[in-house]
Amino acid sequence: MQILRTPDDRFTGLPDFDYPPQYCDLSDDDGGTLRVAWVQDGPDDGEPILMLHGEPSWSYLYRKMMPILAEAGYRVICPDLVGFGRSDKPTRADDHTYARHVEWMRALAFDVLDLQGVTLVCQDWGGLIGLRMLTENPDRFARVVVANTGLPTGDVPMPKVWWRFRETIETAPTLEIGWGVQAACRRPMSDAVRAGYDAPFPDDSYCVGPRTMPSLIPTTPDDVSAAANRAAWAALCASEIPMLVAFSDNDPFTGAMAPIFQREMRGARGRAHPVIHDAGHFLQEDAGEELARHVLEFLRH
């Protein structure tokens, strides 16, 4: 597997994100290894909160939430998916598969970090990966917060706005990652913050991950990942692991999933679920502090 590695100096001086990266080497499932990165905050012996980002963001997305949760005594761990952030970036689209992304995050969380009693916070692809991890390793998890995400099985059509997004990502001559994140937010961000989202991608050759991820989502019942997601969905519906559904009020991609999670998931029933107002798809960027407070309240009850 051929990879690119973003130069370290691209990450110097990012606003509100001075966490030192940590690294491990994982099998690339192709005879080699990949360097995978994460950042963390809070006491090493604190109850772990694993926060998984989506596409095309990276752990920088959680910078507003990390200090709030760490100050409350939790160990907050934010990995970079393979192909994103400081993690290595495979250069061929075929190197990215749904199953591999699940396995890479599972290996980091459990083989390397040996996390137990995990609270999962997941958004966008963080949910598609994290919810698979949860249902395949339920003994490792204590709670889950789903935020603007889903678990597609290919049995229900994807919304038209998502198909337009996929076409744009696949056909754009170059990807402007920072502007893409801004477009999916409700609140303006500074030039410096946009540059933070651009940092992992010096040029378009580093963007194979962001370009490829939409095509990995199951969109037909016979998709290669549909059966595994269908099994995960059934397990999640039956699971008694407590679930908080914390969606924003302005997400055209996943907004319709909020009431479905609340209705179908046993762990979500009988609970008050917050709506994050004036926030778009990337609600951590728009309202990270507010989302962190809802997570803390969930953890304390």
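Begin by selecting the aromatic side chains, among which 13 aromatic pairs are counted, where rings of Phe, Tyr and Trp (the six-membered ring for Trp) pair if their centres lie within 6.5 Å, with planes under 30 degrees apart counted as stacked, over 60 as edge-to-face and the rest as tilted. This is a predicted model, in which local features need pLDDT of at least 70 and side-chain atom pairs count only at pLDDT 80 or more, while totals for chains, interfaces and linings use all residues. Residues are numbered from 1 along each chain as its sequence is written, and side-chain values use heavy atoms, with hydrogens and water left out.

Select F17 and W58 next: their ring centres are 5.4 Å apart and their planes stand at 80 degrees, so the pair is edge-to-face. F17 sits in the loop between strand 1 (3–4) and strand 2 (22–27), and W58 in the loop between strand 4 (48–52) and helix 1 (66–71), so the pair ties together parts that are 41 residues apart in sequence; helices (H or I, at least four residues) and strands (E, at least two) are DSSP runs numbered from the N terminus. F17 is buried, at a relative accessible area of 3%, and W58 is buried at 0%, where buried means under 20% relative accessible area, exposed over 50% and partly exposed in between (1.4 Å probe, protein chains only).

Move on to Y98 and W125, an edge-to-face aromatic pair with 4.9 Å from centre to centre and 70 degrees between the planes. Y98 belongs to helix 2 (residues 98–112) and W125 to helix 3 (residues 125–136), so this pair ties together parts that are 27 residues apart in sequence. Y98 is buried, with a relative accessible area of 2%, and W125 also counts as buried at 2% relative accessibility.

Finally, show the whole protein chain, which has 10 helices and 11 strands. Its radius of gyration, taken over C-alpha atoms, is 18 Å, close to the 19 Å that the globule rule (2.2 Å times the number of residues to the power 0.38) gives for 301 residues, so the chain is as compact as a globular protein of that length. Along its principal axes the C-alpha trace spans about 50 × 45 × 40 Å, and 58% of the 301 residues count as buried. Of the contacts (heavy atoms within 4.5 Å) between residues at least 6 apart in sequence, 77% join residues at least 24 apart.
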